[in-house]
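Dear colleague,

Here is the structure for your files. My notes on the aromatic residues follow below it.

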Amino acid sequence: MSVKKHSFADLVRIEQLRKIESVKADDLSYASIKDLSRSTHGDFHYSEFIHRLAIRTKRLIQDNALDSALQQPYKHYRRAHHICLGIGILLGGLAASQAVSGESSTLNIYWLLAVLLGFNTISLLLWLSGVMLNLQSLSSGIVAQLASWLPYRHKKEPTIASLATQSWWESCLTGEVGKWRVSVLTHKFWLAYLAAGMVLLVLLMLAKQYNFIWGTTLLPDNTLPKLTQILGAPLEAMGLTIPSDPQTVASRIGISKQDADTRAAWANFLIGVLLVYGFFPRLLMLGLSRLMQAWRERRFKLDLYLPYYIDLRQRLMAREIRAEIIDADPMAGIIPAEVARPPENVALPSNAQAFGIELDQAAHWPESITCRINIIDQQSHDEAKALISNLKGPLVLGVAAHRIPDRGVQRLIKELVDSTDKKPWLILLSKPSAPVSSTREFAWFRLAETCGIPAEHVITQ
């Protein structure tokens, strides 16, 4: 069955509805999903489950007029995005204007570079450190912490809109997706800051003649001229003219006149430094952040181990186990009419090999699934490991669902799973005398996640 691949936005809407249903289920209408049939596939497919979740979500949104509430947080984010860029433009213009002396028609070149590039460089270094060292506080942690202070987090009676907003923030502005989304916004802010400052400087230099000056109190006299040559090396490689040593020395504060060549060289140096050390790194990081955000959004998956999704999986997906014949039937060809035929719905591969984990006599396996070994002691454990290491088919582990999945069982399952390179399966075997609570089943799903068994390979009998 070909199933449409759903976008990140679809998964976010499913998460928003999960948040709303967890708190406001009694306020929703479920009329249109009562006829939502169960899957006809015995095997669990993540893509098919997401497809059915998307259909269910779409119907509930239409029935309960939730579209406006679900779209509201994204609209708020876009508004905040534009405000952030506006602030960047304002601050960049102010920074450039403060470095220009209108009365004396002079422009302090290194003071201007410190104002425009200094804060930008510090921010870029902090961002790189946060990304490379995976420090959330330097990449997206600030925004995540702001989210925890929002008013809706403290309401005793949250509304549907506040729950939708909270879920959107958790999905889009935290974790790996949030880190890169916030990174994109950060780079756009500094690009707006630099663009505003540079545009203002160009307009001022077009309308008025400025002399470029520099000065220092603590540094040696030759420090800034050397820095000029170091910063200007890439500019010269690009064909731009930068101030020579005599022109740099002659531009120190106290020299009243400059010729046209010196002013042109300083203007080229100023614009070139802003482009090479400001714009280009930010544009490169913006492109990287956009690519990483798109990649993380494509890899985003719902946490199917949450009780909400476990319950929906039982209701939307077929839970029947289709038993396959593992070994050749010795009666085949003798009395075909009496040969046991497996059910048509298939949930396990035909070559799967089953092993029990400390099962008692009352454990009930599905029909036509033969347990090779029930691991109850060290001897059976060693025998099972030897068999599993040579398996040609998938490994199926059966556990008693009513038992507590303690660390000993987890360690044993993890060891068996690591002994094979096939995709493992876990069957939760239950019995009428020991009903399994949803909390206990959820604990087994978490154990499977810890042991590397995917949610789609966990089957409840």
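The chain has 461 residues, of which 45% count as buried (under 20% relative accessible area, with exposed over 50% and partly exposed in between; 1.4 Å probe, protein chains only). This is a predicted model: local features need pLDDT of at least 70, side-chain atom pairs count only at pLDDT 80 or more, and totals for chains, interfaces and linings use all residues. Residues are numbered from 1 along each chain as its sequence is written, and side-chain values use heavy atoms, leaving out hydrogens and water.

The chain contains 15 helices and eight strands (DSSP runs numbered from the N terminus: H or I of at least four residues for helices, E of at least two for strands).

Searching the whole structure gives nine aromatic pairs (rings of Phe, Tyr and Trp, the last by its six-membered ring, with centres within 6.5 Å; planes under 30 degrees apart are stacked, over 60 edge-to-face, the rest tilted). One of them is edge-to-face: phenylalanine 189 with tryptophan 190, at 5.2 Å centre to centre and 85 degrees between the planes. Phenylalanine 189 is buried at 15% relative accessibility, and tryptophan 190 is buried at 13%.

Tryptophan 266 and phenylalanine 269 also pair edge-to-face, because their centres are 5.6 Å apart and their planes at 85 degrees. Both lie in helix α11 (residues 260-299), three residues apart, about one turn of the helix.

Tyr74, Tyr77 and Trp168 make up one aromatic cluster. Arginine 181 lies over the face of tyrosine 77, 5.9 Å from the ring centre (the rule: NZ of Lys or CZ of Arg within 6 Å of the ring centre and within 35 degrees of the ring normal).

Regards
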